[in-house]
Amino acid sequence: MLSISEGSELIYDEYETTEPMFDPDPMFSDQILIDLYGRNRGFDIRTNLTFRQENSYSQLTFILFAGLLTEALIVFCLVVMARARTRAVRYAKHVTAALRQESAKLAETNRYLSSTNDELEQFSYAVSHNLKTPIRGIGGLTEMIEEDLEDYFASVDANPGVRSNLARIHERIDRMSRLTSSIMEYSRIGNQGDTGDPLDIKEAIDSMRVDFDLAPEQLQLTDDVGTIHVDTTNLRRVLENIVGNAVKYHVGTAALRINVRALRVGDRARLVVSDNGPGIDPKFHDRIFDVFQTLRTGDTPKSRGIGLSIVKKVVEFDGGKVELVSSIGTGAAFGFDWPIRKQLQSHAQPSEAA
Amino acid sequence: MKEEMNILLVEDNDLDVEILRRGLKRLGASNSLVRARDGVEALEILKENQTRGILPDPFVILLDINMPRMNGHEFLVALRECSDLKSARVFVFKTSDSKEDVNKAYDNNANGYIVKPNSSSELNDVIQSLRSSWRICETPRCTAGRAPVT
């Protein structure tokens, strides 16, 4: 805003209180006297509201305030975070302690269960072993009776039921004897440690071909593993039981074909035994691995009802799993993994190994 | 013709003894069978035998393992430590074929380990195999220092 005066006479004046931009307290004002063309003119300059608006740095205050606030917030956050961390650490310690307690308890329970299990297995072994003597005794006595009755059997008025009942006693004795042997074998799995010489898969299959009286094309092998060095007594047992099962349960006119495949998968061998037998209904896939389960009815003399449970126990003892692919009419394929060589360190937990 | 195979049967189970006796009789064996109920009794018989012929030479010892007082393994150790008995031929007869028992028996210098037969036909096989091996094997020096009974 400007007003110009000459002497005391105001010749131009913008300084009106009615002016919308009038600033009663100008931020800047100056009065300059200038000698202009011989006349002394006074210029009175005052800033108006526009100037005030444009030059009042209220934003700065705001920025300062906002900055302070942010800083305060950051400090607050840091404090909160520090406290949260402390609490988290305390909580973690608490949880870890609880977990450690839990896992100690679990380990204790595990030890207890494992020792109970060992005791039970020893117990079944001992019971079965001790039953063997009386069972053999009954067998021997039955034979003595038969021997002593030779004359009676030869006579005309001999009751034929006596001889056939004695034969039935023998059958029962045989079964009892197989049962006790089975229990002994089953209960000892895992207690004998890693035993057996290196097993050449081809040789093992060749000898099974002889043992089960099979033609070369009936038991075939695809092998890219060669020799296995770990717990081969049990591996042989597993293979023999699966192959033996295929032989035992084969029915029908189709000539029996058993294929054994040994594939190298990392440091393990993947073994798959498949046959063209009658197949197993999926609803029985769990049950066939149970002890003393057989899907055949009646008194099958050859079946011990323990072969596949031995397979399962042996494979699972090593942490593996027996996989079965089969349905009625499609044959059966049993697959499992086996370590090829001994690991230098003991079996690491999968979570730790990852 | 070699001498018949005489037997010292060390066995606590009467029934097993009778089964073996019958088996031998069935096969027409004319040998002597002397029975001891455990290791202690067997050692007594063997020692007494040196002065008094209870058990005719040559003989084989058929040895059970689970017995009271002195079991088969202990008997084997004691026998092999006896200077004038250590060459006796001993076949262990046991119900189980557990590797521990088998290895332990051979470690103690058993001459053989036979799983007890389960039937008379199995027993016949065992007796006949023992007799034929008896026939083809030479007899060790006379254990008791006496002339073999012929």
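I looked at burial to begin with: of the 354 residues in chain A, 18% are buried, a residue being buried if 20 or more other C-beta atoms, placed from the backbone, lie within 10 Å of its own. I note that this is a predicted model, in which local features need pLDDT of at least 70 and side-chain atom pairs count only at pLDDT 80 or more, while totals for chains, interfaces and linings use all residues. Residues are numbered from 1 along each chain as its sequence is written, with chains lettered from A and ligands numbered from 1 in the order in which they are written.

Next I looked up the elements of chain A and found 8 helices and 11 strands, which are DSSP runs numbered from the N terminus (helices H or I, at least four residues; strands E, at least two).

I then turned to helix α7 (residues 307-317) of chain A, where 8 of the 11 residues are buried, so this helix is largely enclosed by the rest of the structure. Among the buried ones I listed A:Leu308, A:Ile310, A:Val311 and A:Lys312. The buried residues of α7(A) pack against α4 (160-188), α6 (232-248) and β11 (332-339) of chain A. After α7(A) comes A:Gly319, with a positive phi near 85°.

Last, I checked the two chains against each other: 10 residues of chain B are in contact with 11 residues of chain A, contact meaning C-beta atoms, placed from the backbone, within 7 Å. On the side of chain B that touches chain A, helix α1 (residues 14-26) of chain B gives the most, with 3 residues.

Methods:
Buried ≥ 20, exposed ≤ 12 C-beta atoms within 10 Å, placed from the backbone.
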